[in-house]
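Let's take a walk through a protein model, looking at its rings, its cores and its ligand. Keep the structure open while you read.

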Amino acid sequence: VIRMGQAEKSVTTTCAYCGVGCSFKAELKGNEVVRMVPHKDGKANLGHSCVKGRFAWGYATHPDRITTPMIRNTIDEPWRTVSWDEALNHAASEFRRIQAKHGRSAVGGITSSRCTNEETYLVQKLVRAAFGNNNVDTCARVCHSPTGYGLKQTLGESAGTQTFESVLQADVVMVIGANPTEGHPVFGSLLKRRIREGAKLIVIDPRDIELVKTPHVQADYHLKLMPGTNVAVANALAHVIVTEGLVDTTYVAERCEAASFRRWCEFVSRPENAPEATAALTGVPAETVRGAARLYATQGNAAIYYGLGVTEHSQGSTMVMAIANLAMATGNVGRMGVGVNPLRGQNNVQGSCDMGSFPHELPGYRHVSDATTRALFESAWGVTLDAEPGLRIPNMFEAALDGSFRGLYIEGEDIAQSDPNTQHVEAALRAMECVVVQDIFLNETAKFAHVFLPGASFLEKDGTFTNAERRISRVRKVMPPLAGMADWEVTMALSRALGYPMDYTHPSEIMDEIARLTPSFHGVSYDKLERLGSIQWPCNEAAPEGTPIMHVERFVRGQGRFMLTAYIPTDERASKRFPLLLTTGRILSQYNVGAQTRRTANIVWHAEDRLEIHPHDAEERGIQDGDWVGIASRAGETVLRATVTARVQPGVVYTTFHFPESGANVITTDNSDWATNCPEYKVTAVQVVAVSQP
Ligand code: SF4
């Protein structure tokens, strides 16, 4: 229901969907939101918004909201509503019982990029200080963990280099494995504006995304590659740049490591990396690769924007490093109009990584094995910290199945729907003795939970989100929490029940602690956020008002490092049994697993996930547009309706994953990135057959 009416007051806050981080005024009548209006002074959106953000308030008061804590002894029993005290004490005593019986490391926590920075910081603090281990991870594990790894190795910082407005000074834009006009619509519009103004556009994607051809925008080159061959394409682009003498030698000599550059040049120059040698594998004609490489390297400011089509592969981290290599070799890092820019899927992916919610890193990307960093946090938190990295999300599942991991606290994340190989995830959850889910809805994961703690939507709390351009923006309480507590208060109460009290009276105090303990946040405070509107980190003594562009005079790591990026084929290859390659993506009106957008007015635009299949493959299987089809992989099978379209190439099928009943992640496998375990959602070998209606 879309409610319009005379607003009595408005509160400025930040959209809780994608990594653009648009600023909105939530207009209220009494305690009820009647409209979300994009804020004209919002630095990430400049007064614009998309169809998701406009209607984002709808889910907050949806009848499906659970506002009372619940417990049950086994997952086959019905839920029993209880008081906050009973639920929290039950969860705490179960976690302590498990630790007494199976050891300190038998429990852990998962936080979400939907949570605020302050909430994520508290979850990792609870795990490290109250549980006494490093078994904390975030849903960024399954999206941009390769960005964190790859950019740190090459440039020295796990973050994008630019501010969004920088694209307006680009002469060439290369979009790799991202669909900005659907996934990041406000940035997608800014990008289209720049292309209309005359900038050149290169798209690398296995599918005809909207940017490839619209009435006003057309890509100069579309490298329509086969899924799983990103690194081979990047190496072919690098081959052309090096062998045709297109390297910015002055920039490289001044700013990059000479030895790693020499090794990289020798590697990419090899004949097997030539576009002519890789064309049969990648499906991209050699002349297209050569033309795109020349355009990227020679036309002035060249910027790369990339998404999960880069990271969610068995070589996700390799591809991120290959992208950074291209940018350094052509002198395209360190000023407006250029850079390496990950488009983050969720509102606070950057922030959840910054806040130390990885099992190997404390806040500010400092390794847990570093004694100086540990001493800093030990002194502030009054505990002794574990020096060994903890379990990543996939390792938690494996440990649950072998019996060594028995208890899990999950805040704001629906792992049973969003993680790959659903059967494997469900088996791991079933094997645990205590699963505590803190969420606003009884999600798919809650089916396997023993304790349910009601969460609060972004409209019910104070805090901050950090968007894809490292911009920290305020989230402001628009209405009181429906369950009486915001998530940061619930985590605090659970920690107290575990015997490790935390006593913050407002999220600003949590941010003050983060700023004290994290060098890149030393200058951040709520007062400064009020004054400046938002701040791009690093914000500290050297940059008191923040840093729109990184690596300006030198790279954060000193000299830029070229990494070797050998192409290693994924195990998910087309075979006689599974002859097609499935890749996945999103659609404009829905957001991720759809828990929020399916409960807003957005549902009218897109009410099911469909399988896109090329006319040639459809005809071979007797499939017509709109028919039901069965899809099987080595992980599982599901049924969807087909859309017959040449947007995908022969041999490739595509679907979205916004609806739990579509079971997209029943099919995806647990193949993952070699460095970070980010799942390979983007390539699954499948068979598709016509079926009668399920
Ligand atoms: Fe902005 Fe993204 Fe929200 Fe749309 S979904 S309003 S682009 S933050």
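Predicted model: local features only at pLDDT ≥ 70, side-chain atom pairs only at ≥ 80, totals over all residues.

## Rings, cores and a ligand

Across the whole structure, a search turns up 13 aromatic pairs. Two of them are set out here.

| Pair | Centre to centre | Angle between planes |
|---|---|---|
| Tyr 121 and Trp 381 | 6.1 Å | 80° |
| Tyr 149 and Trp 674 | 5.7 Å | 85° |

Tyr 121 and Trp 381 make an edge-to-face pair. Tyr 121 belongs to helix α3 and Trp 381 to helix α15 (residues 371-381), so this pair links distant parts of the chain, 260 residues apart. Both Tyr 121 and Trp 381 are buried.

Tyr 149 counts as partly exposed because its relative accessibility is 28%, and buried would need under 20%.

The charged end of Arg 72 is placed over the ring of Trp 79, 4.0 Å from the ring's centre. Over the face of Phe 555 you'll find Arg 255, at 4.6 Å from the ring centre.

Now for the nonpolar cores. The largest has 65 residues, and Phe 95, Tyr 121, Leu 126, Trp 381 and Leu 453 have the most contacts inside it. Helix α3 (residues 117-131) gives this core its largest share, eight residues. Apart from that core lies another one of 53 residues, including Val 11, Ala 56, Leu 190 and Val 475.

What does Trp 381 touch, leaving out residues up to four places away in sequence? Its contacts are Tyr 121, Gln 124, Lys 125, Arg 128, Ala 129, Leu 362, Tyr 500, Glu 513 and Leu 517.

Last stop: the ligand. Around it are Cys 15, Tyr 17, Cys 18, Gly 21, Cys 22, Phe 24, Cys 50, Lys 52, Gly 53, Pro 185 and Val 186. Sorted by class, this shell holds eight nonpolar, two polar and one charged residues. Helices α1 (51-54) and α6 (185-196) each bring at least two residues to the shell.

Conventions:
Residues numbered from 1 in each chain as written. Heavy atoms only, no water. Near = heavy atom within 4 Å. Helix = DSSP H or I, 4+ residues; strand = E, 2+ residues; numbered from the N terminus. Nonpolar A, V, L, I, M, F, W, Y, C, P; charged D, E, K, R; others polar. Core = buried A, V, L, I, M, F, W, Y, C linked by side-chain atoms within 4.5 Å. Buried < 20%, exposed > 50% of the residue type's maximum accessible area, 1.4 Å probe, protein only. Contact = heavy atoms within 4.5 Å. Phe/Tyr/Trp six-rings, centres within 6.5 Å; stacked < 30°, edge-to-face > 60°. Lys NZ or Arg CZ within 6 Å of the ring centre and 35° of its normal.
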